[in-house]
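I opened my notebook to look at how a protein chain folds up. Here are my entries, in the order I looked things up.

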Amino acid sequence: MEIDEAIRESDDRRLKTKYNNAIYVVRRALALYSVEEVALSFNGGKDSTVLLHLLRAGYFLHKREQSHSNGVLTDHEVAFPIRTIYFESPSAFPEINSFTYETATTYGLQMDIIRLDFKSGLEALLEAKPIRAIFLGVRIGDPTAVGQEQFSPSSPGWPPFMRVNPILDWSYRDVWAFLLACKIPYCSLYDQGYTSIGSIHDTVPNALLCVNNSSSSKEKFRPAYLLSDGRLERAGRAKKFSLPVCRPAYPAVSNGMISEDSNKNSTLTATVIGVGDEILFGTVENELGPSLCRKLHSIGWSVSQTAVLRNDVDSVAEEVERWKSTNDVVFIYGGVGPLHSDVTLAGVAKAFGVRLAPDEEFEEYLRHLIGDHCTGDRNEMAQLPEGITELLHHEKLSVPLIKCQNVFILTATNVTELDKEWDCLIELTRSSGLLVLMEPFLSKRMTTNLSDVEAAQALSKLCFEFPDLYIGCYRKSRLAPLIISFEGKDQTRLESAVEALSKKFPAGQISEAN
């Protein structure tokens, strides 16, 4: 069998391990179900192409074992009988359709073409055919991978069948290593810079593969297998809340993500959470929290809540769960790493109701970063909240930022590292719309020698008159002058508030702070 022979001749030890594990899953499924009871879900993409050929190899080895022919059996003697399901969509790329039908002809696939929506089509098919298990090309990191194992029953509300996921633990690198090592034909779009293919409405070539050519106005792209960082596989997928590069300077948002109808004076809210017993014990000063508040303030965000938590998974989970739904964004720092006290990722996973699972791309990243200096299990260190994690890589960062929906997990341990992570996050924001950059807050500071009692009533009235401003008071010491702070996004409103305050007291009682 040509696939099995190609892998055996390969020098790629990792690929051999992945292949053997996947073949075990295939053969296990074929032992549990008859050929008539299994099907392959094929969509013309790279993952399902890998899956097709793994099934061909697995079925060949399964039949060879049954026939006791000890390798005499040839490819031509083993037809591929597994039913293949293809959901044909009007929004699919023509190249995907062409590749699918060419593949079906080449390998003699028994195609069930469904033109209904996925769920309705599947229900009709399972009613007509005795299918009990479906092979899927799902990989960890895919939106549909959350909670899945190599054998997972279908979700509630769906027709009952077993989902079989032979390549669940494969990375982007593994997929291309397999296709290239076995010289397997794949859809031509991948040679045009597409790295993850959805519909014609949400998929473009990956800009990271763009080749600058000053002599031609037409953009050219390198093949998908040359993408060096597999974590950026989906960079060519249009994000739900993304806008064109020439978007207005101050877009409005939904949960901190970009939408339409900008309002430069609107305000978004963030929660800042620190994790660390050392902060609560007073052993280490909490410099990151205040610094992060100032940084958010500088891009027009309001911090509604700050908290410092002990190294406890449940404490982190409760706080993240409380604020991720009531604020636009949550930033969390501390407690990230391989130590027993590093509980942040586990807490975030629990807050979202998902498990921690090994992330193949992050594991590969750690392999390059740590190499032979790693004394522990890199697989354990690379566990991230399953199905909701996006690694935000920047060439200036030694460790990527971690984003779980609207929760940003920072790895900085001091202000210098935080400055670098923040600058990189802002750069990424300008290119991909991770956050909304709003009008920064403007501030005014006034001072007075009046007592708190003398100033209280006038300040209370001022707050009612200017509800759009943040008006606060503080003293640097008990006997120092009272400082009255004004924060807002409209310079005219700030000046009006200062003027109104001055009129409430005799001349000379209120002055501008140095």
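**Entry 1: the whole chain**

I began with burial and found that 49% of the 514 residues in the protein chain are buried; buried means under 20% relative accessible area, with a 1.4 Å probe and protein chains only. I noted that this is a predicted model, where local features need pLDDT of at least 70, side-chain atom pairs count only at pLDDT 80 or more, and totals for chains, interfaces and linings use all residues. Residues are numbered from 1 along each chain as its sequence is written, and side-chain values use heavy atoms, with hydrogens and water left out.

I then looked up the secondary structure, which comes to 15 helices and 22 strands. Helices (H or I, at least four residues) and strands (E, at least two) are DSSP runs, numbered from the N terminus. For contacts (heavy atoms within 4.5 Å), I took pairs at least 6 apart in sequence, and 72% of these join residues at least 24 apart.

**Entry 2: helix 3 and helix 6**

How do I describe two packed helices? I use the angle between their axes and the distance between the axes. Helix 3 (residues 46–67) and helix 6 (residues 172–181) pack at an angle of about 55°, and their axes are 10 Å apart. Axes are lines fitted to C-alpha atoms, for helices over the stretch in contact, and angles run from 0 to 180 degrees between N-to-C directions.

On the helix 3 side, the contact is made by Lys-46, Asp-47, Thr-49, Val-50, His-53 and Leu-54. Helix 6 brings Tyr-172, Val-175, Trp-176, Phe-178 and Leu-179.

**Entry 3: the largest core**

I looked next at the largest nonpolar core, which has 57 residues. Such a core is a set of buried Ala, Val, Leu, Ile, Met, Phe, Trp, Tyr and Cys residues joined through side-chain atoms within 4.5 Å. Among the residues that touch the most other members are Tyr-19, Val-50, Leu-54 and Phe-178. Which helix gives the most to this core? Helix 3 does, with nine residues.

I also checked Tyr-19: leaving aside neighbours within four places in sequence, its contacts include Ile-3, Leu-54, Trp-170 and Phe-178.

**Entry 4: Phe-60**

Is Phe-60 buried or exposed? Phe-60, found in helix 3, is buried, with a relative accessible area of 4%. Phe-60 and Met-1 are 59 residues apart in sequence and 7.1 Å apart in space, C-alpha to C-alpha.

How values were computed
Buried means under 20% relative accessible area, exposed over 50%, partly exposed in between (1.4 Å probe, protein chains only).
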